[in-house]
Amino acid sequence: MDNENKVTPAGVKALQAIEQLALFALRQRLIEPADLDYSRNVLLEQFGFSEPSFDEVDQTILEGPQAPLDILIDYGFEIGLIPENSDTYRDLLDAKIMGLLMARPSEVNAEFRRLTEEKGISAATDQFYKLSIDSNYIRMDRISKNVYWLQDSPYGDIEMTINLSKPEKSPKEIAMARLLPPPVYPKCQLCRENVGYAGRINHPPRQNLRIIPMALNNEKWFFQYSPYVYYNEHCIVFHHDHVPMKLTKDTLKRLLGFVESFPHYFIGSNADLPIVGGSILTHDHFQGGRHTFPIQKAPKESTFTHEAYPGVSISIVKWPMSVLRLHGQDPAVLLECGNSIYEAWKGYSDPEADVLAFTKEVGGETIPHNTVTPIVRRAEDGGYEMDLVLRNNRTSDEFPEGIFHPHREMHHIKKENIGLIEVMGLAILPGRLKEELDRIAGILAGDSATLNALQGDSTHALALHASWVQELVERFGTSMDHEEAVKTIQNEVGIKFTHILEHAGVYKRTLEGQDAFHRFVKSFGAN
């Protein structure tokens with residue numbers, strides 16, 4: 001009997017969506033022809049159907065799986081597969097559906113190895129990246145909504161993004177998550193045990209995640225892509241075990257080893273201390289990808305050599321943060337030089353430049369403050385480049401959040417840590433700014449009602465920006481064309497972000513600051 005005679009109109013649409021999704025998976029090679037009937041049947045069972053649609057299937061070639069997925073998730077909510085029609089619960093069902101339409105991890109790994117051997121590592125990463133997009137692990141539908149612009153600065157173009165790809169939880173979901181016990185399994189979102197995990201209200205689903213095993217420094221690591229891809233082929237390389245981040249000589253050796261195997265990618269590590277470190281310090285990991293960041297384009301200002309490291313050049317880079325760029329053909333010599341600089345910096349103090357490597361707590365405990373953000377890539381000449389960005393995480397009464405951290409006058413734009421990606425010149429600004437900046441642009445374009453409502457109201461949605469808005473109105477007035485106002489606001493935000501990077505720079509871009517930078521370089525024997 002025709003299945004559509006038994007089901008609701010929504011069920012008819014769901015059956016068609018199952019066919020479209022199975023066809024999409026086949027066309028994108030998420031599944032093989034022999035898997036088609038099996039895949040259709042597991043989806044039918046998931047949604048409570050005993051028969052497929054016997055109507056002609058819409059053969060439209062889909063750019064992505066989202067359209068049929070949305071129909072199925074809507075139907076899943078209607079029949080009680082998810083308790084709420086929120087982004088969090090929709091994502092739980094989304095990943096489950098796509099996980100049913102993918103090869104097992106061992107098969108994905110075998111294909112990656114085959115492509116590497118037959119066509120090279122670039123072909124293997126191309127295919128693996130495509131798999132991560134087609135399986136909806138990388139949510140291109142959300143990433144496409146991110147706001148992006150280039151910002152002119154004294155250091156070259158800075159890349160600016162307002163990140164809208166991470167779904168926000170509702171207040172109810174946040175409250176529910178707080179009632180749950182601390183996670184035991186997986187221990188964090190980087191653990192290998194996430195592969196195939198169904199997720200929960202306080203942990204994202206990962207049925208459509210696949211990871212590639214690899215060796216770095218004769219240790220077990222894994223390679224995957226970030227679901228939020230802040231830049232092209234944004235990958236994550238993470239330790240086999242749940243071990244904390246710790247920057248050592250082995251860290252630098254792993255980074256150099258990675259670009260030897262993946263010469264088309266850069267790789268870097270967040271610093272390993274609070275304030276200047278990344279958002280996840282509990283699981284050792286790196287970030288890489290196929291992207292040329294603004295820091296890479298920044299010119300060298302002064303170049304030195306060190307007799308102990310022949311063939312290695314050491315340069316100060318023209319950048320808002322304090323960057324030493326090492327270049328050489330022999331990765332072993334470059335490693336020794338990079339580690340020597342790192343070790344020297346960890347113990348280096350220059351009170352005249354407000355650089356203190358250690359302070360003592362009231363109880364007498366010695367607290368270290370100096371570390372680096374390392375970045376490694378292959379140079380155009382085939383050699384190796386290592387950027388060591390000097391970091392210090394001290395606080396003071398004047399700057400309780402961090403002396404070399406976004407200062408409070410910038411917190412209305414960004415107050416989070418300046419991590420690896422932003423160090424390299426790609427701003428990742430909070431999603432709240434999209435609407436807030438649009439409303440401020442509206443004020444400059446004549447929205448007097450919002451301006452009047454903001455003045456004197458500490459509870460207003462734009463209260464965080466009140467003093468900045470007043471400054472903008474005084475400078476630009478309130479009669480701009482709306483498009484001009486939007487560009488003006490973006491420019492002002494970009495200028496602020498450049499200043500944020502300058503705040504995070506240990507040696508300031510002044511004559512005194514650069515003299516102090518040179519003192520450090522000379523201190524470890526470079527000439």
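## A charge over a ring

A charge sits over a ring if NZ of Lys or CZ of Arg is within 6 Å of the ring centre and within 35 degrees of the ring normal. In this predicted model, Arg378 lies over the face of Tyr384, 4.2 Å from the ring centre.

Residues are numbered from 1 along each chain as its sequence is written, and side-chain values use heavy atoms, without hydrogens and water. Local features need pLDDT of at least 70 and side-chain atom pairs pLDDT 80 or more, while totals for chains, interfaces and linings use all residues.

## Aromatic pairs

Rings of Phe, Tyr and Trp (its six-membered ring) pair if their centres lie within 6.5 Å; planes under 30 degrees apart count as stacked, over 60 as edge-to-face and the rest as tilted. The count is 25 aromatic pairs. One of them joins Tyr155 and Trp319, edge-to-face, at 6.4 Å centre to centre and 65° between the planes.

Buried means under 20% relative accessible area (1.4 Å probe, protein chains only). Tyr155 counts as buried because its relative accessibility is 9%, and Trp319 because its value is 0%.

## An aromatic cluster

One aromatic cluster is formed by Phe112, Phe128, Tyr129, Phe223, Tyr225, Phe258, Phe262 and Tyr265.

Key
Buried < 20%, exposed > 50% of the residue type's maximum accessible area, 1.4 Å probe, protein only.
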